[in-house]
Amino acid sequence: MDDGSYIKLTLEIARKGNGFVSPNPLVGCVIVKNEKIIGAGYHQKCGENHAEINAINNATESVEDSTLYVNLEPCSHFGKTPPCVDAIIEKGIKRVVVGTRDPNPLVSGKGIEKLIRSGVKVKVGVLEQECTDLNKFFFKYITKKIPYVTLKIAQTLDGKIADLNYNSKWITSTESRKVVHKMRTSYDAVLVGAGTVNLDNPSLTVRFTEGRNPKRIILDAGLSSNPESKIFRSEKNVLIITSEAKSEKKRVINKFKQLGVEILFIKPSKNGNIYLQTVLKKIGKLGITSVLVEGGNQIFSSFIKEKTFDEVVTFISPKFLGKGIPVINDIGINDIRKSLKLKLIKSEIFDDDIYMEMRK
């Protein structure tokens with residue numbers, strides 16, 4: 001196997017930590033000696049050993065004079081755990097192959113430099129794009145201090161997310177819904193508007209697969225969410241973001257607090273709306289690195305109009321509805337030459353539904 005094959009293996013191993021390591025990155029590590037894998041490990045949980053330490057501890061023989069492969073640059077600073085580069089040097093590993101540099105200012109380049117100064121041979125930039133894509137949440141969060149935002153849209157072939165009575169169950173197939181539930185386990189939070197809470201009455205929990213339930217965030221400028229909705233009755237861990245102007249609604253606020261709901265007040269704009277950039281900064285300070293936006297159309301429209309999203313995933317069911325609720329409303333574009341064009345990253349078929357993953 002060549003260097004690329006081993007880095008590809010680190011990526012596969014790293015994914016095992018999906019949903020457990022945030023706000024840390026997904027990291028996998030493989031140690032090779034005499035063309036044989038003698039150790040492997042991944043970062044399993046935030047605050048616990050990093051992938052390199054687990055790989056060293058799992059080694060079946062001495063790692064001296066071996067080659068260590070890791071998808072992200074080893075850390076060189078003390079955080080919740082000691083620096084990984086110190087252990088690599090101490091154990092006499094002679095060569096380190098790194099998929100991509102760590103964008104964290106505390107690490108970026110420093111781990112590589114320390115290894116080189118200690119006589120370790122280092123190769124950087126193997127399958128770099130794949131390594132960056134795996135940790136797109138971490139890269140955005142660590143450099144911008146705001147979460148990575150994905151808009152998840154389930155729609156008909158003619159672009160409707162519900163009929164005129166706001167019925168949306170079920171536009172897409174069971175297989176597509178399983179994929180969505182799997183996606184939820186990867187994100188720190190899912191976000192909807194108060195309209196979706198009151199009309200769809202969703203739980204927004206993980207049910208079709210194993211994995212953690214994300215924090216549920218409701219954008220509710222008017223504090224109009226129905227306290228009897230399922231979202232407040234199922235898994236606790238709900239955050240309502242509302243306008244500071246609504247802070248006088250003490251009775252409603254107390255009702256939500258009795259249900260264990262967190263409430264975050266944000267100063268509104270002159271027209272009473274809440275700036276999404278402000279929302280992202282506020283929840284970023286809470287340690288939320290990724291958000292899956294699940295509707296409704298006013299929320300989708302706002303994120304697209306304000307360009308505060310990173311990615312769009314759509315599940316398109318081969319159905320025509322005709323009259324219904326569109327995916328988005330007016331976003332201020334009336335010229336095809338000025339349309340917001342996305343880049344198609346991936347497409348798949350789930351039952352009869354078409355899945356598309358797109359980025360700006």
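Is Tyr-187 buried or exposed? Tyr-187 counts as buried, at 5% relative accessibility. Here, buried means under 20% relative accessible area, exposed means over 50%, and partly exposed lies in between (1.4 Å probe, protein chains only). The model is predicted, so local features need pLDDT of at least 70 and side-chain atom pairs count only at pLDDT 80 or more, while totals for chains, interfaces and linings use all residues. Residues are numbered from 1 along each chain as its sequence is written, and side-chain values use heavy atoms, with hydrogens and water left out.

An open sheet of nine strands runs in the order E11-E10-E9-E8-E12-E6-E13-E16-E15. Its pairing is mixed. Strands (E, at least two residues) and helices (H or I, at least four) are DSSP runs, numbered from the N terminus. Two strands pair if DSSP finds at least two bridges between them. Strand E11 (262-266) and strand E15 (343-350) stand at the edges. Each has a single partner strand, so one side of each is left without a neighbour in the sheet. Neighbouring strands are turned by 20° against each other on average, direction ignored. Axes are lines fitted to C-alpha atoms, for helices over the stretch in contact, and angles run from 0 to 180 degrees between N-to-C directions.

Strand E13 (residues 311-317) and strand E16 (residues 353-359) run antiparallel, joined by six bridges. Glu-311 stands opposite Arg-359 in E16. Helix H6 (residues 136-144) packs on the sheet. It touches strand E6 (148-156), strand E12 (290-293), E13 and E16. Contact means heavy atoms within 4.5 Å. The direction of H6 makes about 130° with that of E6. Helix H11 (residues 297-305) also packs on the sheet, touching E6, strand E8 (189-193), strand E9 (215-219) and E12. The direction of H11 makes about 135° with that of E6.

Two serines were examined in turn. Ser-176 is placed in helix H7 (residues 174-186). Ser-176 is buried, with a relative accessible area of 0%. Apart from residues up to four places away in sequence, Ser-176 touches Phe-315, Phe-350 and Asp-353. Ser-243 is found in strand E10 (residues 238-243). Ser-243 is buried too, at a relative accessible area of 3%. With residues up to four places away again left out, the contacts of Ser-243 are Asp-220, Ala-221, Phe-265, Ile-266, Pro-268 and Ile-274. The C-alpha atoms of Ser-243 and Asp-335 are separated by 33 Å, and the two residues are 92 residues apart along the chain.

The structure holds eight aromatic pairs. Rings of Phe, Tyr and Trp (its six-membered ring) pair if their centres lie within 6.5 Å; planes under 30 degrees apart count as stacked, over 60 as edge-to-face and the rest as tilted. Phe-137 and Tyr-187 form a tilted pair, 4.7 Å centre to centre with 50° between the planes. Phe-137 lies in helix H6 and Tyr-187 in the loop between H7 and E8, so the pair ties together parts that are 50 residues apart in sequence. Phe-137 counts as buried, at 17% relative accessibility. Phe-232 and Phe-256 form another tilted pair, at 5.0 Å and 50°. Phe-232 lies in the loop between E9 and E10 and Phe-256 in helix H9 (residues 250-258), so this pair ties together parts that are 24 residues apart in sequence. Both Phe-232 and Phe-256 are buried. Ring pairs also link Phe-137, Tyr-148 and Tyr-187 into a cluster.
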